[in-house]
Amino acid sequence: MLTLLNYLRVHDMPDTATTTTTVTTEEKEMSFVEHLEELRIHLIRVAISVCISAVFVFFAKEFIFKQVLFGPLNKDFLTYQLMCQLSQWMEWGDKMCYSPPTVDLVTLDMGEAFLLHIKVCIMGGFIIAFPFVLWEFWKFVKPGLYPKERKAANGVVAVSSFLFLVGICFGYFILAPFAINFLIGYELPMINAANSNNLIKATSLINYMIMFTMPVGIIFELPIIIYYLSKMGLVTDAFMREYRRHAIVLILVVAAFVTPPDIMTQVIIGIPIYILYELSIQIAAKQTKKREAEMNS
């Protein structure tokens, strides 16, 4: 694909000087097999970076499990403290002071603890290495872009990494505590979920923690995705405004998918997604004006 793209771009150039400027050693035509080989090299680098990060997570087992993954089960968790301080500041007493139910985490299958540790290492390694993963992807795509497109994409790795990290933090500090309190504290007849002897599989808790963070981090990439789609003319601000109501329904569906069936938790994640959507409309509007100005000039 990149070979065909470069071929068409080279033969559409108006003069030899421009062609010489555009076609550099980095952009020389490559066969399909050579592109696959290049992609394989980048994937190997990505795998190595994730593995190295996973090793750090592996040896930080005590901190990762106690302080990070099981942090929302601790009454001294940062979110609970801030909510309680906010309640006191607003003179609401202890109405917003949360304290998670007491639970006992267990593993029921042989080898479950080890496999769970490996899973956490892989996911943690991916999160830590995410900027490098994006950088490798950018290096693979970069040779097939116009110089103007490269210039417009400056900082894409940093911005995307920042948005992903913000999404992870939002899911961890905001979404996870409320969702965990709801799910653990939910009661059924003859079942006392707040009992101090309440047993929960550690695998279940960690799977929920992953669900509360990773998808949210990806969702927060929406503005950067809209930026490039609008730059290519595939999405316009008029289109996004026209289908705003449909987007709201879709946002509620996504919020319901990544959160437990709790209205409050769905609202907590739905509001920032909608804000991101409105921000994306402004980004698309700006890019549409730029593209129209370039076409008219």
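## Ground rules

Buried means under 20% relative accessible area, exposed means over 50%, and partly exposed lies in between, with a 1.4 Å probe and protein chains only. Arginine 244 is one case: with a relative accessible area of 24%, this residue is partly exposed.

This is a predicted model, in which local features need pLDDT of at least 70 and side-chain atom pairs count only at pLDDT 80 or more, while totals for chains, interfaces and linings use all residues. Residues are numbered from 1 along each chain as its sequence is written, and side-chain values use heavy atoms, with hydrogens and water left out.

## The chain as a whole

The protein chain has 13 helices and two strands. Both come from DSSP runs numbered from the N terminus: helices are H or I runs of at least four residues, strands are E runs of at least two. The chain has 297 residues, and 39% of them are buried.

The accessible surface is about 18400 Å², and carbon and sulfur atoms own 69% of that. Accessible areas come from the Shrake-Rupley method with a 1.4 Å probe; for residues, only the protein chains shown count as cover.

Now for contacts, meaning heavy atoms within 4.5 Å. Take the contacts in the chain with a separation of 6 or more: 82% of them join residues 24 or more positions apart.

## Spans from the UniProt record

An unreviewed UniProt entry places the feature "transmembrane region" at residues 39-60, 114-135, 155-184, 205-228 and 248-277. UniProt positions follow the numbering used here, feature names are shortened, and annotations may be inferred rather than shown by experiment.

What does the model show in two of these spans? Residues 39-60 are 95% helix and 0% strand, with end C-alpha atoms 32 Å apart. Residues 155-184 are 97% helix and 0% strand, and here the end C-alpha atoms lie 42 Å apart.

## Nonpolar cores

A nonpolar core is a set of buried Ala, Val, Leu, Ile, Met, Phe, Trp, Tyr and Cys residues joined through side-chain atoms within 4.5 Å. The largest one has 50 residues, and Leu69 and Ile206 touch the most other members. Several helices give two or more residues to this core, including H3, H4 (61-69), H5 (78-89), H6 and H9 (202-219). Helix H8 gives the most, with 10 residues. Apart from this core lies another, of seven residues, among them Ala153, Val156, Val157 and Leu163.

Not counting residues up to four places away in sequence, isoleucine 206 touches Phe65, Leu69, Phe70, Leu116 and Val120.

## A buried asparagine

Asparagine 181 sits in helix H8. Is asparagine 181 buried or exposed? Asparagine 181 is buried, because its relative accessible area is 16%. Leaving aside neighbours within four places in sequence, asparagine 181 is in contact with Tyr80, Ser99, Pro100 and Pro101.

Val55, Phe58, Phe59, Phe114, Leu115, Ile118 and Ile122 make a nonpolar surface patch of about 710 Å². Helices H3 (32-59) and H6 (112-141) each give two or more residues to the patch. The largest share, four residues, comes from H6.

Patches are made of residues with over 30% relative accessible area and no salt bridge: like charges are joined within 9 Å, and nonpolar side chains (Val, Leu, Ile, Met, Phe, Trp, Tyr) within 5 Å. Phenylalanine 114 lies in helix H6. Phenylalanine 114 counts as exposed because its relative accessibility is 52%.

## Salt bridges

Side chains of opposite charge can pair when their charged atoms come close. A salt bridge is a side-chain nitrogen of Lys or Arg within 4 Å of a carboxyl oxygen of Asp or Glu. The structure holds six salt bridges. Glutamate 62 pairs with lysine 66, with the closest N and O atoms 2.8 Å apart. Both lie in helix H4, four residues apart, about one turn of the helix. Lysine 66 is exposed, at 53% relative accessibility.

Arginine 241 pairs with aspartate 237, with the closest N and O atoms 2.6 Å apart. These two are four residues apart in helix H11 (residues 237-242), so about one helical turn separates them. Arginine 241 is partly exposed at 35% relative accessibility, whereas aspartate 237 is buried at 14%. Glutamate 278 pairs with arginine 244, with the closest N and O atoms 2.8 Å apart. This pair links distant parts of the chain: glutamate 278 is in helix H13 and arginine 244 in helix H12, 34 residues apart. Finally, a network of salt bridges links Arg45, Glu136 and Lys139.
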